[in-house]
Amino acid sequence: MKKLFIAEKPSVAQQFADALKVKGARKDGYIEDENNIVTWCVGHLVTMSYPEVYDPALKKWSQDTLPFIPNEYKYEVIPAVSKQFNIVKGLLNRDDVETIYVCTDSGREGEYIYRLVDRLAEVDAKKDRRRVWIDSQTEEEILRGVREAKPLAEYDNLSCAAYLRAKEDYLMGINFSRALTLKYSYPIKQYLGVDKCVIAVGRVMTCVLGMVVKREREIREFVSTPFYRVVAGIEKPAEEGEERRKLFEAEWKAVKGSKYFESPKLYKENGFKERADAEELIEYLKEPEPVEMTIKSISKKTEKKNPPMLYNLAELQNDCSKRFKISPTDTLNIVQELYEKKLVTYPRTDARVLSTAIAKEIDKNIRGLSNYAPLAGFAQNIVANQGYAGIAKSKYVNDKLITDHYAIIPTGQGLGQLSKLSDLQQKVYDLIARRFLSIFYAPAEYQKLAITLTRNGEEFSASFKMLVKPGYLKIANPSLLESSQKDSDNEQDSKKDSDKEEDQALTADLMEYISTLKKGSVLPVSGFEIKEGKTNPPQRYNSGSMILAMENAGKLIEDEELREQIKGSGIGTSATRDAIITKLVNNKYIALNKKTQILTPTFLGEIIYDVVLYSINGLLSAELTASWEYGLEGVSEGTIPESEYIEKMNGYVAKYVNIVKGIRNQNQMHFVFDKTKPYYAKKK
């Protein structure tokens, strides 16, 4: 009797064949020797049937046949891959195949791919099916996965969630798209002067469109506010025969005791709405002579910055978008190839931590990187000093934050493949490797100084920062990324409001001098200056920041620690978010600037947004969309019954289809088209 191993794609099947030492000749669609057979899917082999398969009359779109909610769903083989399906079907049903090892990707979608094949192939229920769940394609991990494979039935909840996700997308896509198209495509076609207009909507796709449109409209409606800050140049007192020289700048703030405290003239505590008020303050501060300031307080402290959490797919896609200006799809394709070449662990993960089990043997990964030239010295140093010894007790290891897979890390193997990779692929690998090794190094340490000075009852302050111990930054700031990072930083900085006090550079000489000062010391003022600024509109999403916003249920959270506190599911999954953006671009609902990766809505996209806003506006809600994903997670964990989810799903679809059908004419939408604007508005 033989064992059959079924992978998701040919390249992965070959990895399994190599690890299992299956030396038989490669046949048409599989590899076989005397004990084992290895075969593969080519992604999805089976798909859900269109409505006309249920009833030919359903091919014609009609409100009379909506809502369309089947009691039992139908599936069919995808014609383009029917040959491979028939090969796999034949192997699954061979009498000499005793055990089937399911080796598709270890996640919800991979589970769904196999279950559909098993279903349509009508495999004997008595056959022993086992699930191989692995985190990398290394030989060691493949053999472990096969050795520890569990009965497929233990993944039935995950399979159930996978089916429900597909049914939900199917129901919402078909019902809502048909209902809205039948109701509103005609006026849109007339307005745009086109022959055809299908209003395509979906559970996740329309929510993301809404995020892009809402952000664009916030930018359009934004009115910039000018403000005026007062800054003083602080000098070092000159010794006899010396020239006075400026030490630093201090910024005025309207703290308690100031004549402007809580004044309506203020924009914020450190700025005025009108230049004249800032000029008035300066005149007040110039008298009496000499113009000096008295130190009210000096504080010095050491600040530590810990290495960032490890990469999950969303974080990696965001960083690659900023650094390399590539799309999330490009990033996923690259890291998927790195995974298949055994260089990194499983890419479609939401976790940013390691598991307890992998932490116990993490030194193997580090030792492997001792042979990776750019980071060999760092890896060797970690090994020599056993820098990995306490990692299991750190925040970088937490089984509770892992659902299917731990974070993306280098395996330390397959380094011979690196030279065959493109320059961009090598950079992405380097990014992952540096982030990984960073967690085994000490935090970066900064010396921070803060000085508060007073004059005429008004208070000025200055803060300084100096890196004293680079710690993990020695690894995390690779020179090969400097130009890309510089561009990204400049892009981000240009969007910031200039109303916040920033740390000034602290040199060793300045720190030495300031350390001689004390409360009550008097320093001369070289003069006062008004610095004009203005508020800036919110930033547009780029492809990377959109991925992060989707992961965090519609919230673009840039703070590292705060992101880690967010609980619950986001919009879509790590495996599908990039495809959602691509679909919106292909539908011409949003535009993607390939050079900057900035996302903007098209005119058509804004029309679709408004149609949905005044009909099925729940599709635009990030919170509601995330709640569906949270429910699917509950089904996969066995905490939410399938029947409960189906009832809510069917009820939601039926309710909103009937709402759209109940709108008797376009005027009930209260729309007015205005060609002078880039989008149309609700009629008052």
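Biologist: Which residues line the largest cavity?
Modeller: A cavity is a set of 1 Å grid points, over the protein atoms alone, where a 1.4 Å probe fits but cannot get out; lining residues have an atom within 4 Å of a point. For the largest cavity, the lining is V12, F16, C103, T104, D105, S106, V132, I134, Q137 and Y339.

Biologist: What kind of model is this, and how are its residues numbered?
Modeller: It is a predicted model: local features need pLDDT of at least 70 and side-chain atom pairs count only at pLDDT 80 or more, while totals for chains, interfaces and linings use all residues. Side-chain values use heavy atoms, with hydrogens and water left out, and residues are numbered along each chain, as its sequence is written, from 1.

Biologist: How much space lies in the largest cavity?
Modeller: The structure holds three cavities of 30 Å³ or more. A volume is the space filled by probe spheres set on the points, with grid points joined across faces, edges and corners. For the largest cavity that comes to about 50 Å³.

Biologist: How many charged residues are in the lining of the largest cavity?
Modeller: Asp, Glu, Lys and Arg count as charged. The lining has six nonpolar and three polar residues, and the number of charged ones is one.

Biologist: What percentage of the protein counts as buried?
Modeller: Buried means under 20% relative accessible area, exposed over 50%, and partly exposed in between (1.4 Å probe, protein chains only). The C-alpha trace spans about 100 × 75 × 40 Å along its principal axes. Of the 684 residues, the buried share is 52%.

Biologist: Which residues does F176 contact, leaving aside its neighbours within four places in sequence?
Modeller: Contact means heavy atoms within 4.5 Å. On that basis, F176 touches L171, V201, I616, L619, Y652, V653, Y656 and V657.

Biologist: Why is strand 15 largely enclosed by the rest of the structure?
Modeller: Helices (H or I, at least four residues) and strands (E, at least two) are DSSP runs, numbered from the N terminus. Strand 15 covers residues 444-455. It is largely enclosed because the number of its twelve residues that are buried is ten.

Biologist: How many bridges join strand 15 to strand 16?
Modeller: Two strands pair if DSSP finds at least two bridges between them. Strand 14 (residues 292-305) runs antiparallel to strand 15, with K300 partnered by L449. Strand 16 (residues 458-469) is also antiparallel to strand 15, and there A450 is partnered by S463. The bridges between strand 15 and strand 16 number eleven.

Biologist: Which residue takes a positive phi in the hairpin of strand 15 and strand 16?
Modeller: Two residues lie between these strands. The phi in question is near 50°, and the residue is N456.

Biologist: Which residue of strand 16 is the bridge partner of E251?
Modeller: Strand 11 (residues 245-253) is joined to strand 10 (residues 226-236) by six bridges. Strand 11 also pairs with strand 16, antiparallel, over three bridges. The partner of E251 in strand 16 is S461.

Biologist: Which are the edge strands of the seven-strand open sheet?
Modeller: The order is 2-3-4-1-7-8-9, and the pairing is mixed. Two strands pair on one side only: strand 2 (26-27) and strand 9 (150-151).

Biologist: Is A373 buried or exposed?
Modeller: A373 lies in the loop between helix 12 (363-369) and helix 13. Its relative accessibility is 66%, so A373 counts as exposed.

Biologist: What distance separates the C-alpha atoms of Q380 and S370?
Modeller: Q380 is found in helix 13 (residues 376-384). At 43% relative accessibility, it counts as partly exposed. S370 is ten residues away along the chain, and the C-alpha separation is 5.5 Å.

How values were computed. 1 Å grid on protein atoms, 1.4 Å probe; cavity = no way out; pocket = protein on both sides within 12 Å on 5 of 7 lines; lining within 4 Å.
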